[in-house]
Amino acid sequence: THITVSSSDAEYWKGDGMPRLDLLSDVAYKRGVLAEFTQPEATDLVFKDALLKFYERFYKRNGWHIIKPLSDKDSYRLPALHIPVDDSEIELKNQVESMCVILVESINASKLESILCGKTENEKSISLLKRFLEMKQIDDEGTIDFLLNLNTLRNMKLHRISTSKPKPEQKRAIEYFSLESSSFSDIMMSIFNHANRLLSVLIKVSQQAVPV
């Protein structure tokens, strides 16, 4: 299907608040104009779509969730995820907070502990996940480092200039996310990309026979 829009029509649509076809992404055009189903192309939408499919596929294969779906009180967090439109620290903090709830706090630590026959002293969910992947002989592809740095980022100030000396783990997070040189939108884009990689790693677990 080929649609042409005259200059007068384009100006009319623009003036009337209607979407101009030349400003629509391919996905928006196919969904809104051609009424076709398409996969989301934006990084945040890709992650949301992948996460929901991951929940379903992992549970269907194994009968349990390695990353638990959000509770009712946190259900708003996934739809609200997005790339920040400016360098608002509050906005980025909110996004990082939600990502930590979705990816870190939702790790099924009790199930992993059961499968691993207990945990070591002070071992937390990320370490349990790391040990589980090692047991399954699956390369985490750097995603454990991502989760550790994401969790650190959540608990620190995001000011680009600070008079306080960062702790070693904070310095690692600053360098990991290029906090001093990247825009907040770029940082969140990186977080989404790392999160998508994490899901691709965990999908490999669901392709194996996992003990219940």
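A nonpolar core is a set of buried Ala, Val, Leu, Ile, Met, Phe, Trp, Tyr and Cys residues joined through side-chain atoms within 4.5 Å. Buried means under 20% relative accessible area, exposed over 50%, and partly exposed in between, with a 1.4 Å probe and protein chains only. The model is predicted: local features need pLDDT of at least 70, side-chain atom pairs count only at pLDDT 80 or more, and totals for chains, interfaces and linings use all residues. Residues are numbered from 1 along each chain as its sequence is written, and side-chain values use heavy atoms, with hydrogens and water left out.

**Overall fold**

- The chain holds 10 helices and zero strands, where helices (H or I, at least four residues) and strands (E, at least two) are DSSP runs numbered from the N terminus.
- Of the 212 residues in the chain, 39% are buried.
- Contact means heavy atoms within 4.5 Å; among contacts between residues at least 6 apart in sequence, 63% join residues at least 24 apart.

**The largest nonpolar core**

- The largest nonpolar core has 51 residues, and Phe47, Ile66, Met99, Leu103 and Ile191 touch the most other members.
- Two or more residues come from each of helix H3 (43-62), helix H5 (89-103), helix H6 (109-115), H7, H8, H9 and helix H10 (184-206).
- H10 gives the most to this core, with 11 residues.
- Beyond its neighbours within four places in sequence, Met99 is in contact with Phe47, Leu81, Val104, Leu150, Met188, Ile191, Phe192 and Ala195.
- In soluble globular proteins, nonpolar side chains tend to be buried together.

**Helix H8**

- Nine of the 12 residues of H8 are buried, so the helix is largely enclosed by the rest of the structure.
- Among the buried residues of H8 are Phe146, Leu147, Asn149, Leu150 and Arg154.
- These buried residues of H8 pack against H5, H7, H9 and H10.
- At 1.5 Å a residue, H8 should span 16 Å, and its end C-alpha atoms are 16 Å apart, which agrees; the expected span is 1.5 Å times one less than the number of residues.

**The largest pocket**

- A pocket is an open set of points on a 1 Å grid over the protein atoms alone, where a 1.4 Å probe fits, with protein on both sides within 12 Å along at least five of seven lines; lining residues have an atom within 4 Å of a point.
- The largest pocket contains about 360 Å³ of space, the volume being that filled by probe spheres set on the points, which are joined across faces, edges and corners.
- Its lining consists of 16 residues, and Leu148, Asn149, Asn151, Thr152 and Glu169 lie nearest the centre.
- Helix H7 (125-135), helix H8 (143-154) and helix H9 (168-176) each give two or more residues to this lining, and H8 gives the most, with five.
- The lining divides into five nonpolar, seven polar and four charged residues; Ala, Val, Leu, Ile, Met, Phe, Trp, Tyr, Cys and Pro count as nonpolar, Asp, Glu, Lys and Arg as charged, and the others, Gly among them, as polar.

**Loop residues**

- Most residues other than glycine have a negative phi.
- Cys117, in the loop between H6 and H7, has a positive phi near 60° and counts as exposed at 73% relative accessibility.
- Ser178, in the loop between H9 and H10, has a positive phi of about 50° and counts as partly exposed at 30% relative accessibility.
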